[in-house]
Structure formats: structure tokens, C-alpha cells
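Hello,

Here is the structure I promised to pass on to you. Have a look at it first, and then read on for what turned up in it.

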Amino acid sequence: MPYCNASDGTRLFYTVWGKGRPLLFIHGGNIGSEMWNFQIPQLVEEGFQCIVYDQRGFSRSDWPSSGYDFDTLAEDLNCLISHLQLEIFSAVTFSFGAGVLGRYLSNFGAARVEKAMLISAITPCFLKSADNPEGLERELYYDPFRAALMSDRPQIFRASMEGFFNPTAAEDDVTQPLADWLIGIALQNPVMAMIELFRASSETDFRKDMGSFTMPTSIVHGDCDVFAPIAATGQRTQEMIAGSVWTTYPGASHGLPFTHRRRLNRQIKEFFCA
């Protein structure tokens with residue numbers, strides 16, 4: 001299997017599918033690059049080269065005991081880009097993947113990134129604090145999920161599927177086998193990495209990073225997202241990225257690559273072909 005080495009020796013698994021305009025996909029929490037399974041086949045057929053990778057602590061990449069902060073995750077991404085000798089590419093991110101890309105742009109520059117799409121982003125600053133009154137209450141959005149990860153991961157993942165999919169508003173089928181598959185993948189990942197990444201994605205302030213999105217940027221968010229409520233995340237991200245394009249999916253929650261995969265795939269194609 002193809003791997004590249006991060007600066008601390010952590011092995012990062014990646015795959016490259018197809019030929020054409022390169023699209024680099026950056027996943028969010030819990031399941032790794034398998035989350036893009038509904039996007040890659042169609043986009044390869046549409047003439048894109050699709051690059052996916054597992055971030056440290058996920059799936060086929062190494063599970064080191066440290067490095068679960070966004071400066072390190074951005075450095076990992078830079079190592080992959082250098083390993084693949086990508087001179088110019090576009091990026092598609094999901095959930096905390098927007099923070100990884102934002103920190104990469106801040107630390108390494110935007111010269112190589114042609115366009116970006118942020119799906120269900122948790123940016124710009126998730127938790128409420130004295131200088132971030134627009135954020136979300138720690139007692140409601142952080143403490144319960146962290147406690148559940150530590151006490152009964154299988155139960156919290158199963159209980160979260162309804163909110164993740166909001167199936168009554170889904171445009172594409174979200175079957176029980178699909179939910180079981182996602183839960184199974186998530187449970188294969190180490191709990192400590194998951195806890196550390198959840199902490200980092202919740203507590204990291206990305207507001208300064210938003211100014212580094214100088215390329216054309218599309219922001220896509222469900223207006224009933226229970227994991228990243230739109231007013232605290234997507235809307236604020238759009239306001240901080242000059243000239244960004246804003247798309248709301250009515251009734252949709254967090255899992256847009258699954259629940260609205262056909263519409264999202266069309267939007268990815270149209271945005272990156274324009």
C-alpha cells in the first residue's frame with residue numbers, strides 16, 4: 001500500500017485514483033478517507049484525479065501517541081503534498097478537515113491551492129469563550145460527547161446516526177447497512193486519537209486561518225446540522241473568507257457526502273470545472 005512519511009516518522013496512507021485535474025480530499029473525524037467512497041468513483045469518471053489520505057490516528061495510517069494538533073496535521077498534509085510533488089491542486093474538506101486546510105494555508109502558503117470546498121465545516125472557532133461569544137456551549141456540544149467516547153463508544157456512535165443523517169431530509173438513501181458500515185470503521189480507530197482530535201477540533205481557534213483562503217472557495221452546509229450548527233460555523237466561516245460562495249442544503253444535517261451525495265457530486269464537478 002502507498003505511504004508517505006510525516007516529519008516525525010508517522011506513516012500516512014494515501015491513494016491516487018484517475019488522471020486529470022487533481023482534487024485532494026481531507027476527511028473529518030472518526031472514519032478516515034473511506035468517507036469519500038460515494039464521491040471518488042463518480043469524480044474519477046468525470047475526469048478528475050482524486051487523492052485521498054488517512055490522517056494520523058485513522059484507519060491505515062499510523063496511530064502515534066502524539067501529534068493530534070492542527071499545526072502537526074497541517075505539517076502532515078504538507079508532507080503528503082511534497083511527496084506527491086503536487087504543484088497545483090484543489091481541495092475538498094469535510095468537518096474538521098477545513099481546519100487542517102486552513103492551518104496548512106497559514107503555515108505553508110496558498111500558492112499551490114487553486115480552489116477549495118469546505119463541507120460541513122467546524123471552523124472558525126467552535127466553542128464559546130469570552131472572546132468568542134458566537135461559539136457553542138461546551139456543556140452542550142463538547143462535554144457529553146467526550147464523556148460518551150470514554151464510556152461507551154459503540155452506543156454514542158449508534159445514537160448519533162439519526163442526527164448525523166437526518167434521514168427525513170436526505171435526498172439519497174441512508175440505509176441501516178450504511179450506518180453499520182460507518183460505525184464499524186469508526187470503532188476500528190483508536191479511542192485516544194479520537195478523543196484528542198475531538199478536543200483539538202473543538203478548542204482550536206481558526207479565525208486567523210480564514211484569511212489565508214485567498215483562492216475561490218465554496219462553502220456548503222446543511223441548515224439543520226446538529227454537529228456543526230450553521231450559525232456558529234458555516235455562516236461565520238463564509239463571512240470571514242472574502243468572496244466565498246455560500247450554499248445551504250435545506251433540512252440537511254452534517255453527513256452531506258452521504259445524504260446528498262448526488263447533489264454534492266454535481267456541485268463539486270461544477271465548481272472545480274468552472
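**Loops, prolines and a pocket**

Pro 124 sits in the loop between strand S6 (113-119) and H4; helices here are DSSP runs of H or I with at least four residues, strands are runs of E with at least two, and both are numbered from the N terminus. Before going further, please note that this is a predicted model, in which local features need pLDDT of at least 70 and side-chain atom pairs count only at pLDDT 80 or more, while totals for chains, interfaces and linings use all residues. Residues are numbered from 1 along each chain as its sequence is written, and side-chain values use heavy atoms, with hydrogens and water left out.

Back to that loop. The peptide bond that joins Thr 123 and Pro 124 is cis, with omega about 10°. Ser 120 belongs to the loop between S6 and H4 too, and its phi is positive, about 50°, although Ser 120 is not a glycine. Ser 120 is buried, with a relative accessible area of 0% (buried means under 20%, exposed over 50%, and partly exposed in between, using a 1.4 Å probe and protein chains only).

A positive phi turns up at Ser 95 as well, near 55°. Ser 95 is in the loop between strand S5 (89-94) and helix H3 (97-108), and at 8% relative accessibility it counts as buried. Phe 96 is in the loop between S5 and H3 and is buried at 4% relative accessibility.

How much space lies in the largest pocket? The answer is about 760 Å³. A pocket is found on a 1 Å grid over the protein atoms alone, as an open set of points where a 1.4 Å probe fits, with protein on both sides within 12 Å along at least five of seven lines; lining residues have an atom within 4 Å of a point. Grid points are joined across faces, edges and corners, and the volume is the space filled by probe spheres set on the points.

The elements that give two or more residues to this lining are helix H4 (138-141), helix H5 (143-151), helix H6 (153-165), helix H7 (176-187) and helix H8 (191-203). H8 provides the largest share, 6 residues. In total 35 residues line the pocket, and those nearest its centre are Asn 30, Phe 145, Phe 198, Phe 227 and His 254. Sorted by class, the lining has 28 nonpolar, 7 polar and no charged residues. In that sorting, Ala, Val, Leu, Ile, Met, Phe, Trp, Tyr, Cys and Pro count as nonpolar, Asp, Glu, Lys and Arg as charged, and the others, Gly among them, as polar.

Ser 160 is part of helix H6 and is buried at 12% relative accessibility. A polar atom of its side chain lies 2.6 Å from the backbone oxygen of Ile 156, which is a polar contact (a pair of N or O atoms within 3.5 Å; within protein, one must be able to donate a hydrogen and the other to accept it, and residues adjacent in sequence count only if both atoms are side-chain atoms). Beyond its neighbours within four places in sequence, Ser 160 is in contact with Phe 145 and Phe 227.

Ser 253 is in the loop between strand S8 (245-249) and helix H10 (256-259). Is Ser 253 buried or exposed? Ser 253 is buried, with a relative accessible area of 1%. Its side chain reaches the backbone oxygen of Gly 163 at 2.6 Å, and a polar atom of that side chain lies 3.4 Å from the backbone nitrogen of Val 226. Not counting residues up to four places away in sequence, Ser 253 touches several others, including Ser 120, Phe 164, Cys 224 and Asp 225.

Pro 257 is in helix H10 and is buried, with a relative accessible area of 0%. Pro 257 and Phe 38 are 219 residues apart along the chain, and their C-alpha atoms are separated by 7.0 Å. Phe 38 is also among the residues that Pro 257 touches, along with others including Met 35, Trp 36 and Ile 119.

**Cysteines**

How many disulfides does a search of the whole structure find? The search finds 0 disulfides, a disulfide being a pair of cysteine sulfur atoms within 2.5 Å. For Cys 50, the nearest cysteine sulfur is that of Cys 273, 11 Å away. Cys 50 is buried at 0% relative accessibility, whereas Cys 224 is partly exposed, with a relative accessible area of 39%.

Enjoy exploring it!

Best wishes

Technical notes:
Contact means heavy atoms within 4.5 Å.
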